[in-house]
Amino acid sequence: MNAASVLAPTALHAIAEHPHCLGLYSQGNPGPVIVAIGSMHGNEPGGVLAAERVLSRLANDTPPFNGTLIALKGNVTAYEANQRFITRDLNRLWYEPELASLRTIDPKDMSAEDRQQKALFQLFEHLHNLSSEPVIFIDLHSTSSHSHPFCMAADTLRNRRIAFQLPLPLVLGLEESINGTMLGLLSDWGHITMAVEGGQHVHPNTSFNLESVVWLALVLAGNLDKTDLADYDKHENRLKKLAKGFPSVSEVRYRHKVEPGDRFIMEPGFSNFQPVKQDTLLAQDCEGPILAAESGLVLMPLYQSQGEDGFFLVREVMPAWLHLSALLRRLHVDKLLPLMPGIRKHPHLPDHFITRHQSDHTWLLDLLHMLGYRKRRIIDGQLIFSRRRPDHVNQEARQTPQ
Ligand SMILES: [Zn+2]
């Protein structure tokens, strides 16, 4: 482990004083920096409770510990009001130019979320500049509907190290299908990122599920040795039991975005990973019935009034696909993409390709997903696919295209 991953006592002190910091733990040994974030959505208390329990036990038991655990509270203001957000979703608009502009805006013209985003962004920049190794960010969430826990990670090889070993269903590509998430920015900076949905917002088990995730992540990352965690098996078995019967790895195929004024209402009775056939009635909005665009598994059906994602459709990914995709990425096969008709490299942006094909060409989507290119946008009338930055990049080299 690089010596630079020892955070100096002065740096730790500054982080501990940050208004979003719940607490941190370090014994001054080198090792990975893990950041656990709870309540990015204020009506999701489970992550904060989980992180507080982990910190309190580490302080009491003092097992041998490498590196640093930092626990943060996301939307402090909405947490106090017990609502998802005050004026806008804090887990959106994490675009570097907009965030930099928050530095110069008069605080009285800022919304509650603007102020918190500015504070969190400055903390992340500070951590990014302190660390020569990727920081591990775990964003702890919960869902409006009753749900078993699952994990989401951007489809980068570095994310597979921990996310693939957590005994939870893993969904790839969800973060790439939503623009401007906090983890999207941190992933573009080259860090290891994953989000975990621990269960229903106020279900008593949700915070315990998230606590088990944090303990296992500390072991998988190398902060803790599992022999020093007496109840490691209990945490692992808790998650394994909850994951039983669900696909180990799946990928997002479709996201239903909810716009303000849509009057979106999800049909009752859907739960995570529930299989649906193409054309199944899933929801209604002001334009009428919303049917499943393809057969697949429903994920995160929206059963609360606030939220921009109506539902997702995912499908299972086979282990052979994962092995092949890792091999092709290590061989940098994406460099050959411009040899295919209708695909060219973006002239300025790294890890971006422009295509003149339709986005619904299944062969194209499958190929690009295999190579990690899951984010698609129309820019200046052109269909552009991009992936999260594959490497850890330093401050000077980083570039966060929107
Ligand atoms: Zn959430």
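The legends below describe several close-up views of a predicted model. Residues are numbered from 1 along each chain as its sequence is written. Because the model is predicted, local features need pLDDT of at least 70 and side-chain atom pairs count only at pLDDT 80 or more, while totals for chains, interfaces and linings use all residues.

**View 1. Confidence along the protein chain.** The mean pLDDT (the predictor's confidence in each residue, from 0 to 100) of the protein chain is 88, and 94% of its residues reach 70 or more. Over residues 392–402, however, the pLDDT is below 50, and this stretch has 16 contacts in the model beyond near neighbours in sequence, where a contact is a pair of residues whose C-beta atoms, placed from the backbone, lie within 7 Å.

**View 2. Domain 1 and domain 3.** The domain assignment, whose bounds come from an automatic or database source, gives domain 1 (3–243), domain 2 (252–316) and domain 3 (333–386). The C-alpha centres of domain 1 and domain 3 lie 31 Å apart, and four residues from domain 1 and four residues from domain 3 take part in the contact.

**View 3. Strand β11 beside β12.** Strand β11 (residues 281–285) is joined to β12 by four bridges, and the two run antiparallel. Asp285 has Gly288 in β12 as its bridge partner.

Note on methods: Contact = placed C-beta atoms within 7 Å. Pairing = 2+ DSSP bridges.
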